[in-house]
Amino acid sequence: MASISTREIRTTLFVIVTVIVFVFILFPPFVLLLTSIKREVDALSFPPKWIFRPTGSNYVEIFQTSPFLRYLLNSLIVASTNTLASVGLGSLAAYGFARFKFKGSDNLAFWILSTRMMPPVASIIPVYIIMKTLRILDTPWCLVIIYLTINLPFAVWMMKGFFEDIPREIEESALLDACSEFKVFRKIALPLAAPGLAATAILSFIFSWNEFLFALILTGTRAVTVPVGIIGYMKESGILWGYMTAGGTLALIPVIILTIFSQRHLVKGLTFGALK
Amino acid sequence: MVPLALVYHSDLEKNRVGEPVFIGFLRRRRTLLLFIAPTVGVLLAIVIFPLFFSLALSFFDWNVIQAEPWSWVGLGNYSTILFQDPYFRTSLTVTVLYLLGTVPLQLVLGLIVALILNRIGQKIINSLRTILVIPAMMTPLIVGIIWRLMYNPDMGMLNYFLSLLHLHPIIWTGMPATALPSVMIADIWEWTPFIALILLAGLQAIPVEPLEGARVDGASGWQTLRFVVLPLLSPVILVAVLIRLMDSFKTFDLIFVLTQGGPGMRTEILNYYTYRNGFKFFHMGYASALSWLLVIILNVISMILGRTLRSRGLYAAGR
């Protein structure tokens with residue numbers, strides 16, 4: 001009996017620690033949400049007010065007095081266009097790597113992975129000069145293109161794993177029926193890898209949505225995305241906490257929804273397919 | 001009989017009569033080219049070309065503001081960085097402190113959380129898994145904003161908790177002593193749950209037999225952890241550490257929002273120092289040289305990561 005009770009104590013202890021850990025994780029985003037529905041007087045009071053009249057005015061005002069809608073649209077355009085391109089090109093290459101073994105194919109695949117590791121700071125100066133020469137600075141296009149450096153290698157590695165999971169026999173029979181390799185890819189492999197494709201697309205979208213450094217340097221006024229727009233609420237005269245927290249909360253909503261949808265593949269995605 | 005391997009039409013074709021060998025090779029490989037070449041081409045254009053562009057820039061002295069033409073300085077920028085620039089040394093120290101203060105702590109805390117969750121039961125884990133990954137998926141810039149809110153000396157939650165404990169308020173990100181630890185805490189908050197998630201996945205993939213064996217042999221909980229679980233988990237730990245190490249070198253958003261590298265240079269890691277040289281001081285050549293030092297460091301880590309992934313143990317286990 002004694003051993004059972006120590007086990008019970010231990011389990012209780014584990015549960016308590018777990019609760020503390022999750023409170024620690026969830027508390028900071030909760031503060032963001034809380035501040036976003038406070039009036040300025042309540043937000044700036046110390047000690048922080050736990051009971052107050054919630055207001056939606058911050059959420060209304062960022063759309064009325066700042067171009068937050070345009071930031072959202074820009075982010076949406078950049079992230080979705082980039083995701084289409086990354087997943088399109090990436091799954092082609094991934095299929096190539098998964099199905100055609102050739103001399104140096106492993107090295108080439110790892111080279112592609114290593115391009116993702118390069119620091120954005122290292123390429124940002126040339127990229128700025130190139131985009132300026134091409135006259136596409138401060139347009140969504142320059143971000144669509146440059147986010148391929150993040151998402152294309154990612155898509156290749158994710159999709160490579162999913163294609164490798166498809167049994168080859170299915171494709172072999174189609175090949176024997178004299179379908180071209182490309183047709184086999186399009187009609188058989190791609191539909192079979194559809195869940196993986198969706199997860200890859202979702203994660204690519206989130207990575208584009210979250211990116212800040214390139215967007216900060218390459219956009220100025222017209223193509224400003226949400227993170228850069230939110231930074232604009234830090235004025236010389238002071239921080240517009242209401243706008244910042246409301247904008248931050250709005251920007252996080254799609255991220256959290258998409259994360260929940262793709263959670264089965266997240267570990268794989270964030271470790272470049274090294275772990276499932 | 002064809003064995004269990006795909007036979008492609010292209011492999012069966014031979015060089016046509018009178019066709020150069022290389023052209024024949026390309027024609028037979030056209031499918032492969034169709035699949036892989038677009039990606040390789042795009043990456044050459046948007047990753048490799050800019051990198052070599054910046055390598056070229058690093059041999060010049062070019063300040064955009066002074067509107068002077070580029071002047072060739074050879075390895076001058078590099079020798080200045082390595083032998084004369086005291087700020088570089090400060091920044092290097094800050095970088096090392098930052099890495100040492102975040103990655104090992106994230107690993108230890110993540111391991112503890114993973115071990116506890118592993119004991120608690122599958123049902124609970126499944127519902128908590130999403131929460132564990134949320135800080136890592138959140139927009140890093142907004143993570144910075146959240147922590148700036150928490151650290152705010154006048155109305156922030158942290159000083160509120162200090163006041164509840166009758167402690168003096170702290171100017172978290174504004175004082176030399178606490179600025180770097182403040183950024184580190186935000187980083188630890190952002191990434192520890194993710195490390196825990198990875199390690200939890202690793203723990204759950206450990207086969208039952210060795211654990212049973214250890215129990216039968218009368219090993220204590222600690223001995224089982226030390227001699228059975230950790231060795232089996234080591235490839236996963238290595239991947240987690242390498243990925244985190246690379247990301248830590250590239251930390252930008254958090255520092256941008258929380259401290260802008262200050263006070264003084266207390267939080268100015270190499271990545272941020274490079275950014276400031278390029279886009280605050282407009283020393284483009286100098287910043288390029290700095291960034292190439294970063295490229296070299298990150299390349300070394302990514303080669304080690306590549307080798308780890310390739311070594312049979314992990315890469316095979318991952319699939």
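Reply: Start with A:Leu143. Leaving aside neighbours within four places in sequence, A:Leu143 is in contact with A:Val78, A:Phe214, A:Ala215, A:Leu218, A:Ala223 and A:Thr225. The model is a predicted one, and that applies to everything below.

A:Leu143 belongs to the largest nonpolar core, which has 160 residues. Together with A:Ile146, A:Met159, A:Leu218, B:Phe194, B:Ile198 and B:Leu199, A:Leu143 is among the residues that touch the most other members of this core. Helix α9 of chain B, residues 176-205, contributes the most to the core, with 14 residues.

On the side of chain B, 82 residues are in contact with 81 residues of chain A. Helix α3 of chain B, residues 30-57, supplies the largest share of that side, 16 residues. Sorted by class, the side of chain B that touches chain A consists of 61 nonpolar, 15 polar and 6 charged residues. One residue of helix α3 of chain B is B:Ala45. B:Ala45 and B:Leu290 are separated by 245 residues in sequence, and their C-alpha atoms are 22 Å apart in space.

Back in chain A, the count of elements is 15 helices and 2 strands. Its radius of gyration is 24 Å, well over the 19 Å that the globule rule gives for 276 residues, so chain A is more spread out than a compact globule. Along the principal axes, the C-alpha atoms of chain A fill a box of roughly 75 × 75 × 30 Å. Of its 276 residues, 49% count as buried. Taking contacts in chain A between residues at least 6 apart in sequence, 78% join residues at least 24 apart.

One helix pair in chain A can be described in detail. Helix α9 of chain A (residues 168-176) packs against helix α10 of chain A (residues 181-192) at an angle of about 145°, and their axes are 10 Å apart. The crossing of α9(A) and α10(A) is right-handed. From α9(A), A:Ile170, A:Glu171, A:Ala174 and A:Leu175 meet A:Val184, A:Ile188 and A:Ala189 of α10(A). The residues of this contact comprise 6 nonpolar, no polar and 1 charged.

Some backbone details remain. Most residues other than glycine have a negative phi, and most peptide bonds are trans. A:Arg135 has a positive phi, near 60°, and is not a glycine. A:Arg135 sits in the loop between α6 (120-133) and α7 (140-146) of chain A, and A:Arg135 is exposed, with 9 other C-beta atoms within 10 Å.

In chain B, B:Gln260 likewise has a positive phi, about 55°, although B:Gln260 is not a glycine. B:Gln260 is partly exposed, with 14 other C-beta atoms within 10 Å, and lies in the loop between α12 and α13 of chain B. B:Pro263 is also placed in the loop between α12 (253-258) and α13 (270-279) of chain B. The peptide bond leading from B:Gly262 to B:Pro263 is cis, with omega near -10°.

Definitions and conventions
Residues numbered from 1 in each chain as written. Chains lettered and ligands numbered in written order. Predicted model: local features only at pLDDT ≥ 70, side-chain atom pairs only at ≥ 80, totals over all residues. Contact = placed C-beta atoms within 7 Å. Helix = DSSP H or I, 4+ residues; strand = E, 2+ residues; numbered from the N terminus. Nonpolar A, V, L, I, M, F, W, Y, C, P; charged D, E, K, R; others polar. Core = buried A, V, L, I, M, F, W, Y, C linked by C-beta atoms within 7 Å. Buried ≥ 20, exposed ≤ 12 C-beta atoms within 10 Å, placed from the backbone. Rg over C-alpha atoms; globule rule 2.2 N^0.38 Å. Axes fitted to C-alpha atoms, helices over the stretch in contact; angles between N-to-C directions. Left-handed = near helix turned anticlockwise from the far one by under 90°.
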